[in-house]
Amino acid sequence: MPLFDSGASADRSRSLVPRLTAGRVGAAPAAAVVLALVAACASTPTSADRKPQPSPAGLEAYYGQKLSFGSCEGYETTPGQKKLYVTPFECARLKVPLDYRKPNGKTMQVAVLRLPAQGDPGQRIGSLVLNPGGPGGSGMVQATSFAAAYAKSPLLRRFDVVGFDPRGVGASTPAISCFTDAERDRGEDQTTLLASAGEWTEDDTRRLAERCAKGSGGKEVLAAVGTRDAARDMDVLRSALGDEKLTYAGQSYGTRLGAVYAEMFPEKVRALVLDGVVDPTAENPRRRLTQQAGFQKNFEKLAASCAAGKDCPLGDDPAKATEAFQKLVRPLIDEPVPAGKGRTMNFNQAVGSVTAGLYYPEAWPVLIKGLAQLKKGDGTQIMKVGDLFGGRDASGVWDNFLEANLAVNCNDEVRRTPEEEARLRADIVRTSPYVDSGEKVEGVTRDACEAWPGEPSLGIPYAQDVKGLPGTLIISVTGDPATPYAAGEVLADAIGGTVLTVEGARHTVAQEGINPCVNAAFADYLIDLKVPAEDRHCRL
């Protein structure tokens, strides 16, 4: 389940481990944790005292709007979110044009959640806007998670914490919808063949685009949820929040969104934290292969950890673990196994779930336990990991994370020919053999975005030689499997940022608040705009 696979695989860029037994992915706090914030909250102004700024021509009505924050009731898309979106959080909807070239045409509603600053109103700096990654991750959920992680930090006293669901995502409307919950439960939501089993034809790509258009409000919606439009929305949000300049923290895909915003609106940036950087110069094939190499490396580390214990389901020789894994999962192509509550798990679900767990070493004991169960014909434990990653609520309701991921990538990425797709899949299984289904590649692969309406709008490379930015903070983990360390250096060179090196092996770290060294550098930068020394290192 690698990052930026059009639809079927993606990265939430949020901690998986704390949610393995408590609910869905993201280290989102339990309702009790959120309620505990009530006592700490103080009354704060609804917006900063700012001078009005000129609006781009034709967009005055959008830039001039004021958000009306109130109860978050009705903003949830799953029962679990309803438990999160409670006082002291407050919600509002931001109106943006469906097509920025037609500001007087149809509109969309971007859902926004805020935790008002808890300190002295005179010390309030402004809003801290968050993005959790994906694409397709809910910024609203991320804000609740961040508030719990930084409950004792000065960040919550100096900033309103703001999370928004980007256009097409979560509680924003219209939202991308392609599959029913029952179809998702049955594993029928396949949208690509990369690193997976089965046949994928030209007709499949056409039917996929048609069903997504039907469920999402039409083809024009499918063509309007790219990163550049989301960056434009973020500038409208900045204005509606009353901030002259944007203070932003994005992780994983959120670094793409932040970098594109910096390219488009450099004069509107106050502070920019980009954690787990997506390489702005790498097109999909090179980025995917780099990521798969990272996942294979983590799979081998998982195998070594497993072999050091007793009764390892991958065997006691790590060099043979890939072969042992294939023997476990390839039979699922033809004979899925029971996975609890009447569900079954197929090859794609098993491999995707294991890949999700490879993001974080803390999850590996859970994967080992699940593989031991799978060896006995039970996919329940492995499926739980995939469910949490993919957005399945404990109640059985799915959010639209993976569907939105598909839609954003189809808007952003250059589409590949069948020959290019087949070559990429072959390269992936050579780079990362644990995902190899053993099936032939030629003639069965198509780009999931082949029939998607509209043309790709991101442009790669992006954010090159950006001028006029303040000092930015880029955080890179040396052993990050999904967004390699070197990508942070590439982006830093392009936008003039400073890289904080974090020694360890996980994907993203700052917004989770798990490392005192990173936490301190993060807060110092956001509050005082103090970038760390270039030789500053933190260790996980």
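Begin by selecting Asn 298, which is buried, with a relative accessible area of 2% (buried means under 20% relative accessible area, exposed over 50%, partly exposed in between, with a 1.4 Å probe and protein chains only). The model is a predicted one, in which local features need pLDDT of at least 70 and side-chain atom pairs count only at pLDDT 80 or more, while totals for chains, interfaces and linings use all residues. Residues are numbered from 1 along each chain as its sequence is written, and side-chain values use heavy atoms, with hydrogens and water left out.

Asn 298 belongs to helix 11; helices (H or I, at least four residues) and strands (E, at least two) are DSSP runs, numbered from the N terminus. Next, display the surroundings of Asn 298. Apart from neighbours within four places in sequence, Asn 298 is in contact with Leu 358, Trp 364 and Pro 481, where contact means heavy atoms within 4.5 Å.

**Helix 11 and helix 12**

Select residues 284-307 for helix 11 and residues 321-329 for helix 12. Two packed helices are described by the angle between their axes and the distance between the axes. Here the angle is about 95° and the axes are 10 Å apart. Axes are lines fitted to C-alpha atoms, for helices over the stretch in contact, and angles run from 0 to 180 degrees between N-to-C directions. Helix 11 and helix 12 are therefore roughly perpendicular to each other; angles under 35 degrees count as roughly parallel, over 145 as roughly antiparallel, 65 to 115 as roughly perpendicular and the rest as oblique.

Which residues meet where helix 11 faces helix 12? Gln 296, Phe 299 and Ala 303 are on the helix 11 side, and Ala 321, Thr 322 and Phe 325 on the helix 12 side. By class, this contact has four nonpolar, two polar and no charged residues (Ala, Val, Leu, Ile, Met, Phe, Trp, Tyr, Cys and Pro count as nonpolar, Asp, Glu, Lys and Arg as charged, and the others, Gly among them, as polar).

Nine of them form an open sheet with mixed pairing, in the order 1-2-4-3-5-6-9-10-11; two strands pair if DSSP finds at least two bridges between them. At the edges stand strand 1 (90-97) and strand 11 (537-539), each with a single partner strand, so one side of each is left without a neighbour in the sheet. On average, neighbouring strands of this sheet are turned by 25° against each other, direction ignored.

Within the sheet, select strand 6 (residues 269-275) and strand 9 (residues 473-477), which run parallel and are joined by three bridges. Asp 275 stands opposite Ile 475 in strand 9. Helix 4 (residues 139-149) lies across strands including strand 2 (107-115) and strand 4 (159-165), running at about 150° to strand 4.

**Disulfides**

How many disulfides does the structure hold? It holds five, a disulfide being a pair of cysteine sulfur atoms within 2.5 Å. Select Cys 72 and Cys 91, whose sulfur atoms are 2.0 Å apart. The torsion about their S-S bond is about 95°, so this disulfide is right-handed. Cys 72 lies in the loop between helix 2 (60-63) and helix 3 (79-84) and Cys 91 in strand 1, so the pair ties together parts 19 residues apart in sequence.

Continue to Cys 410 and Cys 449, joined S to S at 2.0 Å. Their S-S torsion is about -80°, so the disulfide is left-handed. Cys 410 is buried, and so is Cys 449.

**Backbone stops**

Select Thr 173 and Pro 174: the peptide bond between them is cis, with omega near -10°. Pro 174 is placed in the loop between strand 4 and helix 6 (181-185). The bond from Ile 460 to Pro 461 is cis, with omega near 5°.

Finally, select Ser 252, which has a positive phi of about 55° although it is not a glycine. Ser 252 lies in the loop between strand 5 and helix 10 (253-264) and is buried, with a relative accessible area of 0%.
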